[in-house]
Amino acid sequence: MFTSPKVQRLRRLTGRRSARSDDGSFVVEGASLVRQAAEAGWEIEAQFVAPGGSAVPVDTPVYSLAEGVLERVATTEAPQPLLAIVRQRQLPVPATADFIVVGDRIADPGNAGTIIRSAEAAGADAVVFTEGSVDPYNPKVVRATAGSLFRIPVVTRSLAEIASMGVQLVATSSHRGDAYTDTDLTVPIAVVLGNEAHGVPDDAPVHRWITIPHHGAAESLNVAMAATVLAFEVARQRRGRR
């Protein structure tokens with residue numbers, strides 16, 4: 001049985017961004033994600049197993065959670081019976097990166113996680129979030145990435161810093177720019193998607209604007225959906241180039 005400080009640490013890490021930053025760790029829920037983290041080389045500090053669950057076979061301390069404790073610590077309504085504390089690890093952006101997906105002040109954890117997941121699936125070299133975005137180690141973000149967080153670099157940079165990487169910043173808009181299908185996305189590129197409520201500012205330091213034409217009364221696509229559409233268009237055009 002564990003001592004209460006361990007439970008208190010779990011609560012802090014699932015609840016507060018500042019706690020995760022100060023501790024240098026975060027919480028992963030479920031055997032599949034814990035296993036993917038271990039396979040990708042992330043350090044698993046400890047595992048906490050609730051009744052009915054089992055630990056992932058890695059060399060790390062395993063603690064048993066008493067009945068009802070998991071529900072008080074986890075952030076989901078029906079949590080999986082395994083939690084793990086994982087050390088934060090910032091993968092480096094490759095020096096040769098020429099396809100980056102950028103989330104500018106993304107607020108919703110589900111959107112941020114889906115952006116990371118779609119970026120990996122489309123073959124992006126990295127995901128960048130600007131200051132003011134949700135914490136990539138937020139439990140809801142981690143779940144929404146479905147493990148992609150452990151395999152693709154996810155970093156925080158300003159738009160100016162991204163431009164210094166030698167890529168063209170192409171920002172998305174619901175009302176301006178060329179259609180994304182009419183734009184050459186085979187050049188070294190960073191696709192910039194803006195905050196859910198406000199989008200990318202009109203005066204953002206970007207090189208060009210693109211839009212996703214749509215029908216009906218919808219004003220725009222959900223930002224994670226737009227990221228998926230654009231990331232796979234980049235992948236499609238590059239397959240055609242090859």
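## Close-up views of a predicted model

**View 1. Arg176 and Asp202 form a salt bridge, with closest N and O atoms 3.6 Å apart.** A salt bridge here is a Lys or Arg side-chain nitrogen within 4 Å of an Asp or Glu carboxyl oxygen. The pair links distant parts of the chain, 26 residues apart. Arg176 sits in the loop between β8 (168-172) and β9 (178-179). Asp202 sits in the loop between β10 and β11 (208-211). Helices (H or I, at least four residues) and strands (E, at least two) are DSSP runs, numbered from the N terminus. Arg176 is partly exposed at 30% relative accessibility, whereas Asp202 is exposed at 53%. Buried means under 20% relative accessible area, exposed over 50%, and partly exposed in between (1.4 Å probe, protein chains only).

This is a predicted model: local features need pLDDT of at least 70, side-chain atom pairs count only at pLDDT 80 or more, and totals for chains, interfaces and linings use all residues. Residues are numbered from 1 along each chain as its sequence is written, and side-chain values use heavy atoms, leaving out hydrogens and water.

**View 2. Asp135 and Arg20 form a salt bridge, with closest N and O atoms 2.7 Å apart.** Asp135 lies in the loop between β6 (126-129) and α6 (139-145), and Arg20 in helix α2, so the pair ties together parts that are 115 residues apart in sequence. Both Asp135 and Arg20 are buried. The structure holds 11 salt bridges.

**View 3. Asp23 meets Arg9 in a salt bridge (2.7 Å, N to O).** Asp23 belongs to helix α2 (residues 17-23) and Arg9 to helix α1 (residues 4-15), so the contact ties together parts 14 residues apart in sequence. Asp23 is partly exposed at 25% relative accessibility. Arg9 is partly exposed too, at 21%. Salt bridges link Arg9, Asp23, Glu45 and Arg87 in a network. Side chains of opposite charge can pair when their charged atoms come close.

**View 4. Strand β1 (residues 25-29) is largely enclosed by the rest of the structure, because 5 of its 5 residues are buried.** Ser25, Val27 and Glu29 point one way from β1. Phe26 and Val28 point the other way. β1 and strand β4 (residues 82-87) run antiparallel, joined by 5 bridges. Strands pair if DSSP finds at least two bridges between them. Glu29 has Leu83 of β4 as its bridge partner.

**View 5. Phe26 and Phe150 have the most contacts inside the largest nonpolar core, which has 47 residues.** Helix α8 (residues 223-241) gives the most to this core, with 8 residues. A nonpolar core is a set of buried Ala, Val, Leu, Ile, Met, Phe, Trp, Tyr and Cys residues joined through side-chain atoms within 4.5 Å. Not counting residues up to four places away in sequence, Phe26 touches residues including Trp42, Ile85, Tyr137, Leu149 and Phe150. Contact means heavy atoms within 4.5 Å.

**View 6. Gly194 lies in strand β10 (residues 189-194).** Gly194 counts as buried, at 8% relative accessibility. Leaving aside neighbours within four places in sequence, Gly194 is in contact with Asp104, Ile106, Thr172, Gly199, Val200 and Val223. The C-alpha atoms of Gly194 and Glu29 are separated by 28 Å. These two residues are 165 residues apart along the chain.
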